[in-house]
Amino acid sequence: MDLLVSPSSVEEAKLSLAADIIDVKKPSEGSLGANFPWVISAIKDLTNKPVSAAIGDYEYRPGGAAQGAFGAASAGADYIKIGLMLKDESEAFEMIESVNKAVKWKYPEKTVVIAAYADFERIDTISPMDITKLVAKAGADVAMIDTAVKDGKRLFDFLDEKTLTEFTEANRKLGLKTALAGSLKFEDLDVLKRINPEIIGVRGMVCGGDRSAVIREELVQKAIAMVR
Ligand SMILES: O=C[C@H](O)COP(=O)(O)O
């Protein structure tokens, strides 16, 4: 299980380098808020570890999403991650296909991560359980669950261990990796190990509980030690 940590700046990325994947985002622009391409590039220059970049929480805008995905890949991201802020399955498929094509067109070796939200019912978007088949059909790589609203409610407030295990196994059967996130806490790590996704994503946990605070290097080190 790899630990993905989401810094919002080059300074925070320097404190996150113990993580397995450094995930560039701009939390002030949403759960999967996109940061600037020059920030992605500067963070890529800091490390040989894989760098991920969120491109936003998207409604149905395949052109814009494709261009954002291509921009993030061109800026140096190894993982390109989008959140599906929409409900209709055929629109979701078109978004996934467009983003995947935009990345793999020039960068076939890069990884495309498609996120849906654990709290999909309260924001009226597609269920994460419905994205596995769409991600596989489009040829993308990772199906992810995160929370859309960062109000203290967590992944496990919406989805239980059994559901998340089924999600992870369904992804694996279709050749996809799974990433789980959503205000995870240190005390969630045991259950996450049982679920056994390939990736867990955190920010608040390594900021000391408040994701608007600054990442603390010692908490990243604590998390990586506990994940191992
Ligand atoms: O990709 C993971 C997210 O950045 C998780 O953030 P969070 O732990 O504050 O919910």
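**Lysines and their surroundings**

Mentor: Setting aside neighbours within four places in sequence, Lys81 contacts Leu32, Ser52, Ala53, Ala54, Ile55, Val113, Ala115 and Met144, where contact means C-beta atoms, placed from the backbone, within 7 Å. This is a predicted model, in which local features need pLDDT of at least 70 and side-chain atom pairs count only at pLDDT 80 or more, while totals for chains, interfaces and linings use all residues. Residues are numbered from 1 along each chain as its sequence is written.

Trainee: Which strand holds Lys81?

Mentor: Strands here are DSSP runs of E with at least two residues, and helices are runs of H or I with at least four, both numbered from the N terminus. By that count, the one with Lys81 covers residues 79-84 and is strand 4.

Trainee: Is Lys81 buried or exposed?

Mentor: A residue is buried if 20 or more other C-beta atoms lie within 10 Å of its own, exposed if 12 or fewer, and partly exposed in between, with C-beta atoms placed from the backbone. Lys81 has 30 other C-beta atoms within 10 Å, so it is buried.

Trainee: Which residues does UniProt list for "active site"?

Mentor: The listing comes from an unreviewed entry. UniProt positions are given in the numbering used here, feature names are shortened, and annotations may be inferred rather than shown by experiment. With that in mind, the record names Lys25 and Lys81.

Trainee: What is the largest C-alpha distance for these residues?

Mentor: They are spread over 57 residues of sequence. Even so, they cluster in space, with a largest C-alpha distance of 9.8 Å.

Trainee: Where is Lys25 in the chain?

Mentor: Lys25 is buried because 25 other C-beta atoms lie within 10 Å. Apart from neighbours within four places in sequence, its contacts include Ser6, Leu32 and Ala54. Its place is the loop between strand 2 (21-24) and helix 2 (37-44).

How values were computed. Contact = placed C-beta atoms within 7 Å.
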